[in-house]
Amino acid sequence: MTITVANVRIGFGTLLLMLLAALGFVLAMYRFLFGIGAVSNLNQGYPWGFWIGADVLAGIALAAGGFVVAGLMHMFGGEKYHPLVRPTILTAFLGYLLFIAALLVDVGRPWSIWHMMIYWHHESPMFEVGWCVMMYTTILFLEFLPVVFERFRLEYLYAIWLNLTPWVAIALLVTFAFAMTHSASWVLAIGVVLVAFELLVRFGAIHRDPRMPTVVLMAGIMFSVLHQSSLGSLFLMVPHKLSHIWYSPILPLMFLVSAVAAGVAMVIVEATASAWYFGREAEVRLLQDVGHVLCWAIFGTLALRAGDLVLRGVGTELLVISPQSIAFWIEILVGFVIPLAILLTPVFAESARWLLVASIMVIVGLVLNRMNVAVVGITAPYSPTYYPFWMEVGITTGIVAGGVLAYLVICSNFPVFASARAHNAEA
Amino acid sequence: MAIKALLIDLPRCTGCRGCQVACKQWYKRRAEKTTFFAGPGYQNPADLSPQTWCLVTYNEVIVNGRYEWVFGKRQCMHCLVPGCASACPVKALEKLENGPVLYHREKCIGCRYCMLACPFEVPRFEYESWNPYISKCTMCAARIAGGQIPACAQACPTGAITFGERDALIREAERRIASNPGKYVHHIYGLSEAGGTCVLHISSVPFEDLRYVMRVPRTPMVAHTEPAMQAIPMVMLGLATILGAGYALRTRKQRNNQRAADAAEK
């Protein structure tokens with residue numbers, strides 16, 4: 001006998017997720033009563049730890065990276081990639097909501113987080129990060145709305161949405177540009193390009209996508225590109241604390257490139273996992289195409305990393321045995337070398353299972369990379385070394401578990417994959 | 001307005017910690033329960049904290065073949081272009097024209113980026129509070145505004161802490177180093193560290209022996225993030241153009257089909 005709640009099968013897995021989510025919630029409440037010190041090992045020398053590495057850096061890279069890839073494929077890859085877009089919008093949207101939840105735990109005084117909207121300081125990378133979060137979450141919410149309209153058959157609202165969202169997206173982009181530059185000429189230049197594009201679409205000079213306004217997709221791609229790179233910019237501020245192995249002036253670029261590579265892997269993992277859970281056929285041929293892209297993406301990221309290390313002359317530091325160099329080699333082996341070997345071996349490259357293994361390794365490699373930048377690579381001169389406390393990990397695990405549950409509930413009740421089915425039927 | 005500064009002449013320090021006590025009294029900071037710790041250093045308390053903004057460090061240093069206590073001082077360095085202020089997303093940290101770096105607690109959101117950005121590991125966070133703030137030395141900005149000198153400088157009985165204009169203090173530090181051969185190492189800590197600071201130290205032993213942070217860039221911290229921040233509008237404009245134009249080119253055929261379909265409908 002199977003019990004279902006909100007159309008989700010209740011089994012061992014879902015129960016475990018609920019338990020983890022509940023534990024995370026209790027720990028988070030404990031933190032709000034007794035302070036961050038009570039639930040974490042963060043100290044005066046290590047103000048950032050597991051939460052920044054896992055929730056902020058890795059979480060955002062995985063949530064948005066996938067969307068950048070899907071958005072690009074949607075814009076340039078043609079109609080056949082459409083089935084992959086909706087699930088990635090949902091994961092990105094949920095990912096951002098989870099990330100905001102995690103941020104509310106990590107930030108000391110979350111009730112004053114709105115101060116970012118009134119006290120502008122565009123010199124600060126953190127200001128850019130905060131604004132990207134606000135703007136991009138809004139865009140993702142807008143992009144997710146059609147699923148809701150379809151579910152409740154709100155064609156009228158859908159039509160209004162199609163008309164209105166391009167302007168909302170342009171307004172958000174222009175506001176963002178103003179907040180970051182305080183310069184009327186930049187705002188004008190960016191605004192003119194965007195408005196011109198939208199007008200050309202409306203007058204039929206450029207193809208009009210019947211389901212998703214292209215400007216909205218563009219805004220999504222632009223905000224996530226900016227957000228990924230700004231997370232790298234955060235660490236440009238710490239040449240004195242971050243190990244040379246990871247500190248590079250092109251850190252923003254490397255964060256972006258590695259997030260896109262992991263994003264390709266995310267598309268494969270998401271499509272395979274949801275196909276398995278919902279008992280649908282995975283789009284195997286489509287995924288093999290993506291696997292081919294993944295191979296190039298890993299290669300590109302690796303080339304950038306290697307070139308950067310050589311040009312900065314860090315080679316010898318990698319051969320000295322230290323926690324940092326060991327962490328680096330694990331990251332490179334798991335995230336780059338082994339998946340590349342798998343994808344370059346024809347027998348493995350054609351198997352959906354090995355494709356999944358390689359993708360998961362790329363994702364783990366990205367998480368390791370972000371952890372290394374945020375935690376392992378940081379040295380503080382006066383303070384005892386930091387190791388995450390179990391409660392820190394518990395809170396993060398709880399938030400992720402809550403997110404997976406929300407994903408299951410939404411996918412079981414809203415037509416996230418429905419358009420894919422319709423599309424397959426057409427073909 | 002002239003930039004004010006403090007000159008810390010470490011060889012003159014006797015380790016009486018009058019400055020530490022004066023600071024605590026003036027700002028009504030609580031006393032801390034301390035325990036022995038395994039070093040390095042033998043100061044009490046062991047480190048700066050939300051309750052301790054000014055700390056005399058006790059360091060065992062080999063001088064002329066035998067161990068001696070040599071004192072150091074830790075407090076906010078009041079950088080000329082402070083990394084903490086550049087890092088803060090809500091401008092909760094402000095560099096005053098006359099030198100002090102001030103913290104406006106009502107703006108703070110508690111992100112702790114200032115702590116990461118500070119090369120001297122100075123800002124402290126109230127980890128034990130449900131409503132935590134950052135706290136650090138203010139260089140007694142309010143006392144200066146009232147015509148007084150910082151509490152630590154006022155309390156120092158040996159003249160190890162001098163308050164004055166930064167330019168004059170740099171000249172004074174150079175004079176002391178030049179006119180006392182062998183007494184000082186040739187280094188004014190704070191002259192160029194992090195682009196220059198408003199707290200200048202001179203010492204009889206190398207600063208690394210006093211556990212001063214040596215891995216400090218000689219440029220302001222903001223110099224490292226500035227290029228990335230300035231690239232934002234260029235990235236936006238470039239992406240908007242490339243994505244827009246690329247999409248227009250990529251979908252030419254579909255547009256033509258769409259037009260044909262529209263025409264057929266009519």
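This is a predicted model: local features need pLDDT of at least 70, side-chain atom pairs count only at pLDDT 80 or more; totals for chains, interfaces and linings use all residues.
Visitor: What makes B:Met139 count as buried?

Guide: The cut-off is 20 or more other C-beta atoms within 10 Å. B:Met139 has 28 C-beta neighbours inside 10 Å, so it counts as buried. You'll find B:Met139 in the loop between strand 7 (134–135) and helix 4 (141–145) of chain B.

Visitor: What is phi of B:Met139 near, and what is it for B:Cys140?

Guide: For B:Met139 phi is near 55 degrees, a positive value in a residue other than glycine. B:Cys140 isn't a glycine either, and its phi is positive at about 50 degrees. Most residues other than glycine have a negative phi, and most peptide bonds are trans.

Visitor: Which peptide bond is cis?

Guide: That's the bond from B:Asn44 to B:Pro45, with omega near -5 degrees. B:Pro45 sits in the loop between helix 1 (18–26) and strand 2 (55–63) of chain B.

Visitor: How do you know that the span of helix 8 of chain A agrees with its number of residues?

Guide: Take 1.5 Å times one less than the number of residues. For the 19 residues of helix 8 of chain A that should give 27 Å, and the end C-alpha atoms are 26 Å apart, so the two agree.

Visitor: Which residues of helix 8 of chain A are buried, and what puts them on the same side?

Guide: The buried ones are A:Val187, A:Ile190, A:Val193, A:Leu194, A:Phe197, A:Glu198 and A:Val201. They cover an arc of only 140 degrees around the axis, so they fall on the same side of helix 8 of chain A. These buried residues pack against helix 7 and helix 9 of chain A, along with helix 7 (222–250) of chain B. The face turned away from the buried side carries exposed residues, including A:Leu188, A:Val192 and A:Arg202.

Visitor: What makes strand 1 of chain B mostly covered?

Guide: Six of its six residues are buried. On one side are B:Lys4, B:Leu6 and B:Ile8, and on the other B:Ala5, B:Leu7 and B:Asp9.

Visitor: How do you know that strand 1 of chain B pairs with strand 8 of chain B?

Guide: Pairing takes at least two bridges. Strand 1 of chain B and strand 8 (residues 161–165) of chain B have five, in the antiparallel sense, with B:Lys4 opposite B:Glu165. Strand 1 (residues 4–9) of chain B also runs parallel to strand 9 of chain B, joined by four bridges. There, B:Leu6 has B:Val199 as its bridge partner, and B:Ile8 stands opposite B:His201.

Visitor: How many residues of chain A are in contact with chain B?

Guide: 60 residues of chain A touch 57 residues of chain B. Helix 9 of chain A gives the largest share of chain A's side, seven residues. That side divides into 39 nonpolar, 16 polar and five charged residues.

Conventions: Residues are numbered from 1 along each chain as its sequence is written. Chains are lettered from A and ligands numbered from 1 in the order in which they are written. Two residues are in contact if their C-beta atoms, placed from the backbone, lie within 7 Å. Helices (H or I, at least four residues) and strands (E, at least two) are DSSP runs, numbered from the N terminus. Ala, Val, Leu, Ile, Met, Phe, Trp, Tyr, Cys and Pro count as nonpolar, Asp, Glu, Lys and Arg as charged, and the others, Gly among them, as polar. A residue is buried if 20 or more other C-beta atoms lie within 10 Å of its own, exposed if 12 or fewer, and partly exposed in between; C-beta atoms are placed from the backbone. The arc is that of the directions from the helix axis to the C-beta atoms.
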